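Got your viewer open and a hand on the selection tool? Let's take a walk through this one together.

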Amino acid sequence: MEVLKFGGTSVANSENIQKVISILEAKSKDKNLIVVVSALGGVTDTLLKAGEKANAKEDDYREVLKQIKDRHLRTANELGLNYDAQERLQELLNELQTIVQGIYLINEFSDKTRDKVLSFGEVLSSFMIAEALKVKVPSSQLKDSRELIVTDSQYTQARVQKDTTERNIQTFFENSNAKVTIMPGFVSRNEWGDATTLGRGGSDYTAAILAAALEASVLEIWTDVSGMFTANPKWVKQAFPIKTLSYPEAMELSHFGAKVLYPPTIRPVLEQNIPIIIKNTFEPEAEGTFIHKDVQTENGPVKGISHLADIALLTLEGNGMVGIPGISRRLFEALSSEKVNVIMITQASSEHSICLAIKSEDVAMAKEAIDSEFAYEISLGTIDPVISEEGHAIISVIGDGLKNYQGVSGKMFSSLGENNVNIRAIAQGASERNISAVIAQRDVKKALNTLHYRFFERQVKTLNLFIVGVGNVGHRLLAQIKQQQEYLYDHLFLNLKVTGLSNSRKMIFDERGIDLADWKSMLDEGEAKSEAAWQAKIRELNLRNSVFVDITANADVAASYDFYLKESIAIVACNKIACSSEFTKYRELKELSRKYNAPFLFETNVGAGLPVINTLKNLINSGDKVTSIQAVLSGSLNFVFNNFSSENTFYDIVKQAQEEGYTEPDPRIDLSGVDVARKILILARESGHKIDLEDIENSSFLPKASMDANSVDDFYETLKAEAAHFDALFEKANEQGKRLKYVAQYNHGKASVGLQEVDPDSPFYNLDGKDNIVLFYTERYADQPLIIKGAGAGADVTASGLFGDIISLGKK
């Protein structure tokens, strides 16, 4: 004998009921079945609504009743029930209508009447299913559970009279030859024959009572998911069904939010070690979850991650609690008197405070009860009034094997901390079957995904990129990411998703990852961009391993970095403004990065894709000390002076450099030396020195007319007008066998930038094209400097440098 229970979603409509019938037809070929069914999905709530409206003298209760009637008659017709069956169904619906009309007339909707009304949901569904099943399985029957299950008179939450009920069940089925017996769940009767109900999870309870009384081989609970999952699949896309669980593990998962089981209702089968299988009505071939008495830990100690939403914290504290017996007893008695369920408890070892987690809906009642109980102590100031905090959730890591494994709690809390999930309270039972923590409600999704990744997934790290700036460099970066996504996943276990993308006008988001083959058209059709809306969306998504990528030269964007760091969002930037702003701002960003565990990477600030800053960091971190830096840091200016000669004009070369993407859109930034000054400033700061931009000596080679130009176009006109000035610079160096290089220097606290004539024996002399070169003189590299040389400008190499920083985050 097997007992099967089908929930409301499994019998919600005629289509679903036909799936149930197919399952029963197949299973009944070689075994006898008892099948417990719930009301059609949502009908119980609708019945309650009709009763409440009738009790409140609201005439539209009739419309609610009509909806119930129409739905059942339509379902019966679609199932092909015969005339006699439909007539009997109509009689039941008329009986329901009479009862609800009575509620309306006498204004009485007691718990007793409520049970009578709500019982119709299961009675109606079981009748229709039994009649429809007879076509496929003629040797099937309907048995009213109310004739077997006897309870006390505690309406809405009736307690079963075990001996009488078991005797009734055993007697009936000893004399039954039916292959399939359909029975309504949830419903029962007291010893005087009045309708009662078994409360929340009542249909599960009905099935468990039957299975235990008959010592069934298995209890199958059929629902709309393929078993109990490692986490809620609606919140964690990578969640998967758990093959096996012990009874306690299943109970813990159910208590902390898994909706498949309601723990108190299946206790009868636990007591007799009857296994439970969770199956999917809509995917009957799926294996499901097998729940039994044995503990299995071969797949690791953690079996699942669950959560409870809408939690409030209550804190009772005060010096008057220390060493005083009976405080906890009074606290819990006060809550018990108001029927407030305490979900989690923590108490400081100092006995100075007790923290409780309860459902948010109980906060006002609980606070009033506690403050009333301790009113005298509160008046004396020895205990403070209860502090209540809403907007929380409990997240739990669950598994029977936790007690046999070291470091589970460490992994849990460190993973949450790394993703800026603040933990307000912690609890772990002596059985070590679950570790629970109270966190902010807004962090639930991030926390679930973080812990699921840590305990269940192949260690593929997902980075959620939010990219601002899609010009030359941004365009190249997106192309490089698209090209390398598969390689990074397969070889580095790194999943890169561009989750947000914006330019100065539009922005788009896709939590699944923006399609990089079509990002241009998608961005053109995106929503209007504002900094506030962009940040609000990122905060709303609240994704783990988020990375903000700044590919602009915008001061407003640079000014927003503190927002991202405070949200524990890493920053990768080629924008030099933040790191070259006031020293106090630079230091603040560095401190925020450390405080919120949010990396702040800006390798491309100096040398584009060259490993200049990383090399410098390695020197400093290993204990070396920089004494001097000499460098050509502008690929743009190096390109200009390498190509400027007597055969062309300075104007022509600058224009060419801009067209080929070697200069900023406004070439004055490059040619004024400000960009180089910012770079040497950043290197000096990263060497450990306090210095600001105004401390750097900038010897400009531009004539005054060029410096004073009001626009880019005016600037270009001055380059034509001042051609003789630039030609003179070239000719003077050329006559001496020297070359022009724009050099940055830092030496013992002083920095300068300017155009220099370099000799053939200088390491700068043969620097070609757009290359950069940096010479680090340190205490270890005192005689021969550490030299870094290579392409220092261009969209591809800059994008490559940004990409390198992003990949490095994936390795952390």
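What follows is a set of stops, each with something to select.

A quick word before we set off: this is a predicted model, where local features need pLDDT of at least 70, side-chain atom pairs count only at pLDDT 80 or more, and totals for chains, interfaces and linings use all residues. Residues are numbered from 1 along each chain as its sequence is written, and side-chain values use heavy atoms, with hydrogens and water left out.

**Stop one: the largest core.** Select Tyr561, Phe650 and Leu683. Of the 78 residues in the largest nonpolar core, these three touch the most other members. (A nonpolar core is a set of buried Ala, Val, Leu, Ile, Met, Phe, Trp, Tyr and Cys residues joined through side-chain atoms within 4.5 Å; buried means under 20% relative accessible area, exposed over 50%, partly exposed in between, using a 1.4 Å probe and protein chains only.) Now colour helix α25, residues 674-686, which gives the most to this core: 7 residues. Helices here are DSSP runs (H or I, at least four residues), numbered from the N terminus. Apart from this core lies another one, of 51 residues, including Ala39 and Val123.

**Stop two: Trp534.** You'll find Trp534 in helix α17, residues 531-541. Is Trp534 buried or exposed? At 0% relative accessibility, Trp534 counts as buried. Leaving aside neighbours within four places in sequence, its contacts (heavy atoms within 4.5 Å) include Phe466, Met507, Phe548 and Tyr564.

**Stop three: a helix pair.** Show α3 (residues 61-79) and α5 (residues 111-136). Their axes come within 10 Å and cross at roughly 10 degrees. (Axes are lines fitted to C-alpha atoms, for helices over the stretch in contact, and angles run from 0 to 180 degrees between N-to-C directions.) That makes α3 roughly parallel to α5, a label for angles under 35 degrees. On the α3 side, the contact is made by His72, Thr75, Ala76 and Leu79, and on the α5 side by Leu124, Met128 and Ala132.

**Stop four: the cysteines.** How many disulfides does the structure hold? There are 0, a disulfide being a pair of cysteine sulfur atoms within 2.5 Å.

**Last stop: Ser672.** Look in the loop between α24 (668-671) and α25 for Ser672. Ser672 counts as buried, at 12% relative accessibility. Not counting residues up to four places away in sequence, Ser672 touches Asn698, Ser700, Leu702 and Tyr742.

Methods. Helix = DSSP H or I, 4+ residues; strand = E, 2+ residues; numbered from the N terminus. Parallel < 35°, antiparallel > 145°, perpendicular 65-115°, else oblique.
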